[in-house]
Amino acid sequence: MTACAGFSTAYPAAPAAAATPDYNYIVGPGDTLNISVWRNPELSMSVPVRPDGKVTMPLVDELVAQGKTSVEIAREVEKVLGKLVRDPVVTVIVTGFVGPYSEQIRVVGEAAKPQALPYKQNMTLLDVMIAVGGLTDFADGNGALITRAAEGNKRYAVRIKDLIKRGDISANVEMKPGDILIIPQGWF
């Protein structure tokens with residue numbers, strides 16, 4: 001019977017609450033930014049954040065956007081445009097979300113669609129499982145683990161099968177930026 005127990009019994013259960021109330025979204029490669037320059041529609045546009053983390057727009061050759069908030073990016077664009085435009089007022093809105101790689105939630109193993117997901121504040125294990133389409137028929141959902149990068153790769157046991165197959169909401173836990181959800185295959 002010990003073969004059925006999985007490897008998660010060696011790890012503590014994941015804490016139910018993990019979110020940080022002062023979380024600010026950090027821009028990453030693949031995000032789309034809507035940059036609006038007040039009274040200058042020719043300078044306002046939607047731009048993608050390139051794989052190298054930079055954006056380009058008229059009068060701004062290259063600006064590092066990766067790792068910054070939208071407000072920080074707006075202030076930097078204002079600084080660059082201030083040399084050429086009188087008193088620019090810039091607003092940056094993130095419209096397409098991918099986030100930095102270090103904050104993405106990665107789901108590996110026996111999920112229906114293993115993938116990396118952009119982190120959203122107050123994201124839970126249930127949200128992640130809905131996004132990846134649930135478990136495969138061969139998954140050991142109650143043997144799953146979360147590896148939490150924010151805590152030095154500490155591992156926590158989670159009960160996905162109880163959550164999604166049995167509706168046990170007490171098994172729903174909050175995710176943190178950079179978490180890796182590992183869903184092993186069941187032995188039988």
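Good morning. Some conventions come before the structure. The model is predicted, so local features are reported only at pLDDT of at least 70 and side-chain atom pairs only at pLDDT 80 or more, whereas totals for chains, interfaces and linings use all residues. Residues are numbered from 1 along each chain as its sequence is written, and side-chain values use heavy atoms, with hydrogens and water left out.

Let me begin with the overall architecture. The protein contains three helices and 10 strands; helices (H or I, at least four residues) and strands (E, at least two) are DSSP runs numbered from the N terminus. Read from the N terminus, the order of elements is β-β-β-β-α-β-β-β-α-β-β-α-β. The radius of gyration is 21 Å, well over the 16 Å that the globule rule gives for 188 residues, so the protein is more spread out than a compact globule. Here the radius is taken over C-alpha atoms, and the rule is 2.2 Å times the number of residues to the power 0.38. Along the principal axes, the C-alpha trace spans about 75 × 30 × 25 Å.

Of the 188 residues, 43% count as buried. Buried means under 20% relative accessible area, exposed means over 50%, and partly exposed lies in between, with a 1.4 Å probe and protein chains only. As for contacts, which are heavy atoms within 4.5 Å, 57% of those between residues at least 6 apart in sequence join residues at least 24 apart.

I turn now to the sheet. Three strands form an open sheet in the order β2-β1-β5, with antiparallel pairing; two strands pair if DSSP finds at least two bridges between them. Strands β2 (45-48) and β5 (90-96) are at the edges with a single partner strand each, so one side of each has no neighbour in the sheet. On average, neighbouring strands are turned by 25° against each other, direction ignored. For such angles, axes are lines fitted to C-alpha atoms, for helices over the stretch in contact, and the angles run from 0 to 180 degrees between N-to-C directions.

Six bridges connect β1 and β5 in the antiparallel sense, and Val 37 stands opposite Val 90 in β5. Helix α1 (residues 70-81) lies across β1 and β5, at about 135° to β5.

Which residues does Thr 32 touch, leaving aside its neighbours within four places in sequence? Thr 32, in strand β1 (residues 32-37), is in contact with Ser 46, Val 47, Pro 48, Ile 93, Val 94, Thr 95 and Gly 96. The C-alpha atoms of Thr 32 and Ser 46 are separated by 6.8 Å, although the two residues are 14 apart along the chain. Thr 32 is partly exposed, at a relative accessible area of 24%.

A hairpin comes next. Strands β3 (residues 54-57) and β4 (residues 60-64) run antiparallel and are joined by three bridges. Val 55 stands opposite Leu 63 in β4. Two residues lie between the strands of this hairpin, in which Leu 59 takes a positive phi near 70°.

Lys 54 and Glu 62 form a salt bridge, their closest N and O atoms being 3.5 Å apart; the term requires a side-chain nitrogen of Lys or Arg within 4 Å of a carboxyl oxygen of Asp or Glu. Lys 54 is partly exposed at 25%, as is Glu 62 at 47%.

The whole structure has 10 salt bridges. Another of them joins Glu 151 and Lys 176 at 3.6 Å, N to O. This pair links distant parts of the chain, 25 residues apart: Glu 151 is in the loop between β8 (144-148) and β9 (154-158), and Lys 176 in the loop between α3 (160-164) and β10 (180-183). Glu 151 is partly exposed at 30%, whereas Lys 176 is buried at 18%.
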